[in-house]
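Here is a short briefing on one protein chain. Keep the structure open while you read.

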Amino acid sequence: MLSLLLQDLYLRSVLNLIAISALLAVSLRFVMLMGELNFAIAAFVGIGAYAAGYMSTAMEVPFWLAILIAGIGTGIVSAGFGAVTLRAKGPYFLLIGFAFTEAIRVAYSKVPALGGTSGMIGIFPPIAMDPWMPFFVMATVIVLLLVFFILEHSDFGRVLFAIREKEEVARSVGINTFVYKIVTIAFACFAAGIAGGLHAFVNNVISPGDFSYLMAAFALAYVKVGGEDHFVGPILGAIFLVSLSAYALGFGGDEHFIYGGAIVLVVLLLPKGAVGAVANMRPKKSDVKGGANAALEQ
């Protein structure tokens with residue numbers, strides 16, 4: 001509803017960016033549930049953005065269908081990526097994701113059909129959709145976030161926690177952990193591909209530099225600042241940091257110091273993120289019961 005009420009174009013663009021960033025952060029955290037950090041997520045956002053942009057501009061596919069196909073295609077590519085790379089773990093998987101992201105970014109600049117180093121321009125939704133675009137972005141993101149929430153709190157999510165804590169035990173009871181890992185990364189990257197398609201139509205212009213490893217680093221910052229132990233943590237982190245970035249633009253060259261300083265301070269002072277800090281402020285049930293018993297004894 002807020003997306004429909006806002007008339008200021010800049011505020012609408014910030015709202016779009018917050019929604020897309022929140023989806024990206026939740027997608028990154030979803031893979032973290034099984035104990036892996038998928039830095040290749042930036043590459044898959046780029047694949048989704050370029051696929052949607054190319055289908056819209058060169059093939060004249062309707063924008064909503066282009067976004068959907070881009071997401072599905074990205075999920076399929078990521079499943080293949082996961083099947084090859086998920087046998088590596090920890091820092092090795094992280095480094096593979098980093099290298100893959102940079103390789104894909106360079107590949108964009110070498111393909112003339114994708115605009116080369118200049119990128120792609122003219123990625124517009126239908127004119128009739130222009131006033132509704134923020135609402136469409138927000139609705140799409142909310143639907144995907146609900147799916148992530150349901151999966152995390154289902155038996156599927158419990159298996160991911162088991163894989164993170166003790167994968168050998170999960171395998172010993174007959175769980176095919178490798179298949180679970182591939183499905184997890186495929187769905188997370190499907191959502192990342194949707195985020196990329198939304199990014200393309202919201203910004204109308206994309207270039208290889210938009211999808212470097214820094215995008216994954218920012219997504220990780222959203223997760224850590226908001227708190228990775230709770231589902232809403234990445235969403236709050238995205239809202240705070242994207243809003244701060246938009247505000248800091250008014251300070252010119254000092255914006256990087258303000259933005260980076262805020263991340264450092266939050267991570268140092270709130271190691272569990274904003275959600276973790278709020279949770280620690282709440283009295284524990286044992287403390288409440290102890291206080292009540294003491295009062296009764298008096």
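His199 counts as buried, because its relative accessibility is 15% and the cut-off for buried is under 20%. The model is predicted. His199 lies in helix α8, which covers residues 177–203.

**Around His199**
- Leaving out residues up to four places away in sequence, His199 touches Ile20, Ile206, Asp210 and Phe211.
- Contact here means heavy atoms within 4.5 Å.

**Helix α9**
- Helix α9 takes in residues 213–226, 14 residues in total.
- At 1.5 Å a residue, α9 should span 20 Å, and its end C-alpha atoms are 20 Å apart, so expectation and model agree.
- Which residues of α9 are buried? They are Met215, Ala216, Ala219, Leu220, Ala221, Tyr222, Val223, Val225 and Gly226.
- An α-helix has 3.6 residues a turn, so residues three or four places apart point the same way.
- Gly227 follows α9. The phi of Gly227 is positive, near 115°.

**The chain as a whole**
- The protein chain has 13 helices and 0 strands.
- The chain has 298 residues, and 46% of them count as buried.
- Take the contacts between residues at least 6 apart in sequence: 79% of them join residues at least 24 apart.
- The accessible surface of the chain comes to about 15100 Å². Carbon and sulfur atoms account for 70% of that surface.

Terms used: Residues numbered from 1 in each chain as written. Predicted model: local features only at pLDDT ≥ 70, side-chain atom pairs only at ≥ 80, totals over all residues. Heavy atoms only, no water. Helix = DSSP H or I, 4+ residues; strand = E, 2+ residues; numbered from the N terminus. Expected span 1.5 Å × (residues − 1). Buried < 20%, exposed > 50% of the residue type's maximum accessible area, 1.4 Å probe, protein only. Areas by Shrake-Rupley, 256 points an atom, 1.4 Å probe, with all protein chains shown as cover.
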